Amino acid sequence: MPDWPIHLIVPLLALLIVSRKENLKYVFLLLPLALLPDFDTFAVQHRALFHNIFIPLILALFGLLSRKYRAIFLIASVYIASHVLLDMFAGGVVLFYPIYNGMAFVDASLMMSQTNNLLWTFDYGFRPYAAGWKTAYGYISDSTGTGAMVFVLTACVCVAYRRWREV
Ligand SMILES: [Zn+2]
């Protein structure tokens, strides 16, 4: 699975780029939602129960229907959708759970081989939802991820501090 730092940093940066200034507080407050899907591992339906397309779609729909809470629902939708998308690029997710049990996956990687050759992989489709996916076994944060998170979160603290001083 992608580490939690990737799940946090990627949508956070995307939302910081596109969000209006008045919605920045929701971008920070809703950040934990980027990790929420992985808690389906405790329901023994990891990569299925909360890793599907329907939860972000419903949130986005609420966002489009509600004028008052639009930003909140849309930001929540982006956080959940980005998690599902990133996991799709890292093994797969049961995208149409509970309607269809296949794991939608995209494999897109570039590797350097031991003989100094570039190895490009690109594949996509559905694979069976194997038992091995049913727990979120693996790193929660590897060492690179922890370093990346410290770097980006330090930048966020600096921004927050500067904005607080400006008020
Ligand atoms: Zn996940």
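1. Packing of H3 on H4. In this predicted model, helix H3 sets its buried residues against helix H4 (70-88). The residues of H3 that take part in the meeting are Ile-55, Pro-56, Leu-59, Ala-60, Phe-62 and Gly-63. On the H4 side they meet Arg-70, Phe-73, Leu-74, Ala-76, Ser-77, Ile-80, Ala-81 and Val-84.

2. Ile-55, Pro-56 and Leu-59 are buried. Because they cover an arc of only 95° around the axis, they sit on the same side of H3. Phe-54, Leu-61, Leu-64 and Leu-65 lie on the other side of H3 and are exposed. As background, an α-helix has 3.6 residues a turn, so residues three or four places apart point the same way.

3. Length of H3. Helix H3 runs over residues 54-65, which is 12 residues. At 1.5 Å a residue it should span 16 Å, and this agrees with the 16 Å between its end C-alpha atoms.

4. Geometry of the pair. The axes of H3 and H4 are 8 Å apart, and the helices pack at an angle of about 165°. An angle over 145 degrees counts as roughly antiparallel, so H3 is roughly antiparallel to H4. The two helices make a left-handed crossing.

5. Leu-30. This residue is in the loop between helix H2 (24-29) and H3. Is Leu-30 buried or exposed? Leu-30 counts as buried because it has 23 C-beta neighbours inside 10 Å, and the cut-off for buried is 20 or more. Apart from neighbours within four places in sequence, Leu-30 is in contact with Ile-75, Ala-76 and Tyr-79. Leu-110 is 80 residues from Leu-30 along the chain, and their C-alpha atoms are separated by 33 Å.

How values were computed
Residues are numbered from 1 along each chain as its sequence is written. This is a predicted model: local features need pLDDT of at least 70, side-chain atom pairs count only at pLDDT 80 or more; totals for chains, interfaces and linings use all residues. Helices (H or I, at least four residues) and strands (E, at least two) are DSSP runs, numbered from the N terminus. The expected span of a helix is 1.5 Å times one less than its number of residues. A residue is buried if 20 or more other C-beta atoms lie within 10 Å of its own, exposed if 12 or fewer, and partly exposed in between; C-beta atoms are placed from the backbone. The arc is that of the directions from the helix axis to the C-beta atoms. Two residues are in contact if their C-beta atoms, placed from the backbone, lie within 7 Å. Axes are lines fitted to C-alpha atoms, for helices over the stretch in contact, and angles run from 0 to 180 degrees between N-to-C directions. Angles under 35 degrees count as roughly parallel, over 145 as roughly antiparallel, 65 to 115 as roughly perpendicular and the rest as oblique. A crossing is left-handed if the near helix is turned anticlockwise from the far one by less than a right angle, and right-handed if clockwise.
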